[in-house]
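Let us read a structure feature by feature. Here it is.

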Amino acid sequence: QFEATDAATQVTFKFPRPVDVTNGRTLSIPILDRQVPAERLALYQADTAARNPLAAIRLTNDGETGLPPGILTLYERDKTNNVSYVGDARLSAFPTGETRLLPYALDEKITIERDPAQSQRLANGTIANGVLRSSLIVRQTVIYRVKGAKEPRKLIVVQSRLAGWNLVKPEQKGVEISEGNYRIPFQIAASGDMQSFEVAQEQTRQQELRLLDGSADQLAVYARATEFDAKTRDVLTKVLQLQQGVAEAQRALGQVDSERKQIVDEQARIRENLSKVPAGSDLQKRYLATLEKQENDLDTLSKKKADAQKS
């Protein structure tokens, strides 16, 4: 029986009697011989292996002393009671009461595909002092498509934990946080069929829009947003109508100015021609009649411009 001493920074084991080792040979001495709580599972880390999870084991040190770091060699006993080697795992210092998740091989019986996506939606909005303040919920989603083995598996997906974001799917019950990552458990059925699991994180962002600076398309979207209350939507609709009225008036002014320029340019051409035709001729009379009509047209355009400026 070993005598274990659990110090502040290390664990030492004292063998009860001397041991002889022949020069040039090595010797392994077991220091622990008891049952340890263990759970076999699949551990998926996309950065380590994109297509397959790792075969892993979850160990809990329920003993009275910690365990030193080292190599953990794993064996498996099959249904016919045959024992075979399955892999090695590196074990760091293992204090009592703690749990370790140790990968030891690639689990090629399971394949995984990832489908990331991002979406956003409005949450609410208010208007004050000509500024629309709204909340935008941004959602980052990863769909994991898992084709399982013929036996059930517990799958642990390691998903990056985004700073300032909240995990909204799945529920956080049973989810662990380790080294800035989520460890999310899923159960894989033994059917061998494709299963899909969704992991979603959300962040709420605040944004502002001066109504005078908003485009018609922006205001139209906000005016239809059912996430806003009826009062806010009514105000946005009125602003949109006013903006459309201003745009229509500006188009009318632009058209008036264009027509006026055409008339003025034509008058300059006619006056130049008048200086070259005989006085009292039919052509002179026709030019003078045209100038008179154009002056009337200019008066009409001036009235249209004044009306457009008032609107």
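**Pocket, strands and rings**

Strand S5 gives the most to the lining of the largest pocket, with seven residues. The model is predicted: local features need pLDDT of at least 70, side-chain atom pairs pLDDT 80 or more, while totals for chains, interfaces and linings use all residues. Residues are numbered from 1 along each chain as its sequence is written, and side-chain values use heavy atoms, without hydrogens and water.

Q: What volume does the largest pocket have?
A: A pocket is an open set of points on a 1 Å grid over the protein atoms alone, where a 1.4 Å probe fits, with protein on both sides within 12 Å along at least five of seven lines. Here the volume (space filled by probe spheres set on the points) is about 980 Å³. Lining residues have an atom within 4 Å of a point. There are 30, and the closest to the centre are Val 36, Leu 59, Leu 72, Thr 73 and Leu 74.

Q: Which strands pair with S14?
A: Strands are DSSP runs of E, at least two residues, numbered from the N terminus. Two pair if DSSP finds at least two bridges between them. S9 (131-147) and S14 (194-210) pair antiparallel over 17 bridges. Leu 136 stands opposite Arg 205. S11 (166-169) also runs antiparallel to S14, with three bridges; Lys 169 has Ala 200 as its partner.

Q: How many aromatic pairs are there?
A: Rings of Phe, Tyr and Trp (its six-membered ring) pair if their centres lie within 6.5 Å. The search finds four such pairs. One of them, Tyr 222 with Phe 228, is stacked (planes under 30 degrees apart), at 5.9 Å and 25 degrees. Both residues are buried, meaning under 20% relative accessible area with a 1.4 Å probe, protein chains only.

Conventions
Phe/Tyr/Trp six-rings, centres within 6.5 Å; stacked < 30°, edge-to-face > 60°. Buried < 20%, exposed > 50% of the residue type's maximum accessible area, 1.4 Å probe, protein only. Helix = DSSP H or I, 4+ residues; strand = E, 2+ residues; numbered from the N terminus.
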